[in-house]
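Hi everyone, thanks for coming. I'd like to walk you through a few spots in this structure, so let's bring it up on the screen.

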Amino acid sequence: METLLMKGKPVADAYRETIIARVARALEKGRKVTLAIIVVGDDPASHVYKDRLMKLADSMGIYVKEILYPADVKQEDLLRDIARMNHNRYITGVLPMMPMPEPLSSDAVGTAVTASKDVDCLNVKNVGDMYLGYGTMSPCTPRACMATLEHYGIELEGRHAVVIGRSNVVGKPVANLLLNKNATVTVCHSKTKNLAEITRTADVIVAAVGKPCFVTPDMIKEGAVIVDVGINVVDGKLVGDVDPAVVGKAGAYTPVPGGIGVVSNMMVMDLLTRKE
Ligand code: NAP
């Protein structure tokens with residue numbers, strides 16, 4: 001069958017003009033939209049992500065303050081600096097690159113970011129609001145999944161959505177957002193038995209496993225909608241959690257690269273500017 005390729009660029013582009021207009025409105029009022037990105041240590045993935053966000057922000061007139069710490073920074077020093085950023089009126093949003101290297105606590109660092117400047121829904125108040133269905137906050141990648149499904153007109157109500165992965169940053173929140181759209185949601189994880197039997201009943205699959213090409217064509221039913229959140233590097237190439245061989249069997253599929261990642265970055269800018 002013909003598979004609809006749900007590319008991320010058209011989804012991100014649909015947000016771009018709105019965000020640029022918000023940045024201009026803020027400037028008219030004398031505010032320069034500023035994102036503070038905190039990177040601890042030298043994890044290559046965090047630095048690549050940070051560089052991509054900086055490039056995207058720059059293309060939309062958003063200023064980024066890059067704050068780098070050595071991996072052995074003391075947690076109390078980091079938390080004290082975040083508290084200062086929370087009170088700094090020249091900083092619009094604060095984004096620590098997660099996960100924090102050990103022995104730092106990612107939860108403590110995330111929650112140190114004040115709720116109003118928390119652009120990736122790390123603060124427990126924002127997390128709680130999201131699960132209770134209050135407000136509009138949710139982490140960027142789950143938001144990107146939902147924005148992509150909406151952009152491509154994928155119906156969710158009453159459909160069986162299977163989320164593979166239950167992390168706090170992707171699996172659990174995306175399951176919650178799918179539930180809010182009246183999908184019937186099953187969450188699978190490493191202890192799930194007979195995974196393929198479950199995924200073969202799915203109308204929609206969100207793969208957030210962190211294993212290259214984990215979801216194979218025999219694990220999906222004909223016409224299923226497949227959202228690939230995975231970012232894995234294999235032999236220097238970016239590979240998703242879904243085997244691209246699903247093209248031809250899936251009804252719709254987000255490619256990697258060029259799928260959810262692009263939208264996810266734009267979601268950071270969307271949340272950063274939402275009050276402007
Ligand atoms: P994570 O914290 O490592 O979580 C992986 C999840 O997959 C866990 O819940 C784990 O189950 C489950 N899992 C592992 N092996 C499994 C198996 N054999 N069968 C079923 N479930 C299994 O990863 P994450 O942070 O959620 O990220 C997932 C992927 O998304 C990664 O590739 C990451 O790079 C990517 N990502 C992309 C974006 C983006 O913007 N596109 C953003 C964030 C992350 P247990 O809970 O039982 O261990």
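Let me start with a question: what covers the buried residues of H3? Keep in mind that we are looking at a predicted model. The cover includes strand E2 (34-40), strand E3 (63-69), strand E4 (93-96) and helix H4 (106-112).

Now H3 itself. The helix runs over residues 75-87, and at 1.5 Å a residue its 13 residues should span 18 Å; the end C-alpha atoms are 19 Å apart, which agrees. Buried in H3 are Leu78, Asp81, Ile82, Met85 and Asn86. Looking down the helix axis, these buried residues fall within an arc of 150°, so they line one face of H3. On the face turned away from that buried side you'll find Glu76, Arg84 and His87, which are exposed.

Is asparagine 176 buried or exposed? Its relative accessibility is 10%, and because buried means under 20%, asparagine 176 counts as buried. Beyond its neighbours within four places in sequence, asparagine 176 is in contact with Met130 and Tyr131. Proline 142 lies 34 residues away from asparagine 176 in sequence, with 9.3 Å between their C-alpha atoms.

H7 also brings us to the second largest pocket, as H7, helix H5 (124-132), helix H6 (140-151) and helix H9 (260-273) each supply at least two residues of its lining. H6 gives the largest share, five residues. The pocket's volume is about 500 Å³. Of its 23 lining residues, Ser138, Met146, Glu150, Leu177 and Lys181 are the closest to the centre. By class, the lining has eleven nonpolar, six polar and six charged residues. Thanks, everyone!

Key: Residues are numbered from 1 along each chain as its sequence is written. This is a predicted model: local features need pLDDT of at least 70, side-chain atom pairs count only at pLDDT 80 or more; totals for chains, interfaces and linings use all residues. Side-chain values use heavy atoms; hydrogens and water are left out. Helices (H or I, at least four residues) and strands (E, at least two) are DSSP runs, numbered from the N terminus. The expected span of a helix is 1.5 Å times one less than its number of residues. Buried means under 20% relative accessible area, exposed over 50%, partly exposed in between (1.4 Å probe, protein chains only). The arc is that of the directions from the helix axis to the C-beta atoms. Contact means heavy atoms within 4.5 Å. On a 1 Å grid over the protein atoms alone, a cavity is a set of points where a 1.4 Å probe fits but cannot get out, and a pocket is an open set with protein on both sides within 12 Å along at least five of seven lines; lining residues have an atom within 4 Å of a point. Grid points are joined across faces, edges and corners, and a volume is the space filled by probe spheres set on the points. Ala, Val, Leu, Ile, Met, Phe, Trp, Tyr, Cys and Pro count as nonpolar, Asp, Glu, Lys and Arg as charged, and the others, Gly among them, as polar.
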